[in-house]
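Thanks for coming. I have one structure to go through today, and I will keep it short.

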Amino acid sequence: MLKIVKTSIAIATISLLTAGNAQADVGEALQNICTIVKADDKGELRKKMKRVQSDFRLKLKDYYTGVSCGGNSLIRTAMLNGAVETGTLMVKKMPKGDLSSPESDGKTVLAWASENGLEASPIVAVLNDRI
């Protein structure tokens with residue numbers, strides 16, 4: 001019985017240490033994603049997304065809500081910076097349900113775009129087609 005308890009504690013400790021390291025590594029991997037989106041570098045964004053998926057088995061929907069660029073989500077950042085290529089790529093990669101759900105401030109991307117006078121953005125057009 002004591003052997004089982006010791007083994008369980010050892011496994012739990014290793015799991016926590018591994019999870020902490022993986023979390024830090026994901027943060028490092030996504031460190032410059034805001035810069036990539038703002039620069040409208042679709043090729044680099046595609047590489048970044050592919051690298052995160054292969055290294056950590058995470059898709060865009062898994063880390064989208066955890067990334068903030070100056071208080072805005074990645075798609076909102078793309079709209080604000082006129083980054084049509086990267087914004088369009090992210091809209092196409094996100095699940096439809098996630099695109100129409102409210103973000104951290106309680107507003108959907110479309111509602112936010114409308115409030116900020118960005119309804120003429122090509123990204124909004126792609127978003128409307130997708131939803």
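I will start with the fold, then take the disulfide, the salt bridges and a charged patch.

A word on the source: this is a predicted model, and every value I quote is computed from it.

First, the fold. The protein chain has 9 helices and 0 strands. Read in order, the pattern is therefore α-α-α-α-α-α-α-α-α. The chain has 131 residues, and 32% of them count as buried.

Helix α1 covers residues 2-29, and Gly27 is found in that helix. Gly27 has a relative accessible area of 40%, so this residue is classed as partly exposed. In sequence Gly27 and Val67 are 40 residues apart, while the C-alpha to C-alpha distance in space is 9.2 Å.

Next, the disulfide. In general terms, a disulfide is a covalent bond between the sulfur atoms of two cysteines. How many disulfides does the count come to here? The count comes to 1 disulfide. The pair is Cys34 and Cys69, with sulfur atoms 2.0 Å apart. Cys34 sits in helix α2, residues 33-38, and Cys69 sits in the loop between α4 and α5, so the bond ties together parts that are 35 residues apart in sequence. For the geometry, the torsion about the S-S bond of Cys34 and Cys69 is about -85°, which means the disulfide is left-handed. Are the two cysteines buried or exposed? Both Cys34 and Cys69 are buried, and the cut-off for that is under 20% relative accessible area.

Now the salt bridges. The structure holds 5 of them.

I will take Glu85 and Lys42 to begin with. Their side chains meet in a salt bridge at 3.9 Å, N to O.

Glu44 has a relative accessibility of 26%, so it counts as partly exposed.

Then there is Glu115 with Lys107, where the closest N and O atoms are 2.8 Å apart. Glu115 counts as exposed, at 53% relative accessibility, whereas Lys107 is partly exposed, with a relative accessible area of 29%.

There is also a network: Arg76, Glu103 and Asp105 are linked by salt bridges.

Last, the charged patch. Which residues gather in a patch of positive charge on the surface? They are Arg46, Lys50, Lys59, Lys61 and Lys93. Members of a patch need over 30% relative accessible area and no salt bridge. Take Lys59 as the example. Lys59 lies in the loop between α3, residues 42-56, and α4, residues 60-63. The relative accessible area of Lys59 is 47%, so this residue is partly exposed.

To sum up: the chain has 9 helices and 0 strands, a disulfide joins Cys34 and Cys69, there are 5 salt bridges, and Lys59 is one of the residues in the positive patch. That is what I have.

Conventions: Residues are numbered from 1 along each chain as its sequence is written. This is a predicted model: local features need pLDDT of at least 70, side-chain atom pairs count only at pLDDT 80 or more; totals for chains, interfaces and linings use all residues. Side-chain values use heavy atoms; hydrogens and water are left out. Patches are made of residues with over 30% relative accessible area and no salt bridge: like charges are joined within 9 Å, nonpolar side chains (Val, Leu, Ile, Met, Phe, Trp, Tyr) within 5 Å. Accessible areas come from the Shrake-Rupley method with a 1.4 Å probe; for residues, only the protein chains shown count as cover. A salt bridge is a side-chain nitrogen of Lys or Arg within 4 Å of a carboxyl oxygen of Asp or Glu. Lys and Arg count as positive and Asp and Glu as negative; His and the chain ends are not counted. The place of a charge is taken as NZ of Lys, CZ of Arg, CG of Asp or CD of Glu. Helices (H or I, at least four residues) and strands (E, at least two) are DSSP runs, numbered from the N terminus. Buried means under 20% relative accessible area, exposed over 50%, partly exposed in between (1.4 Å probe, protein chains only). A disulfide is a pair of cysteine sulfur atoms within 2.5 Å.
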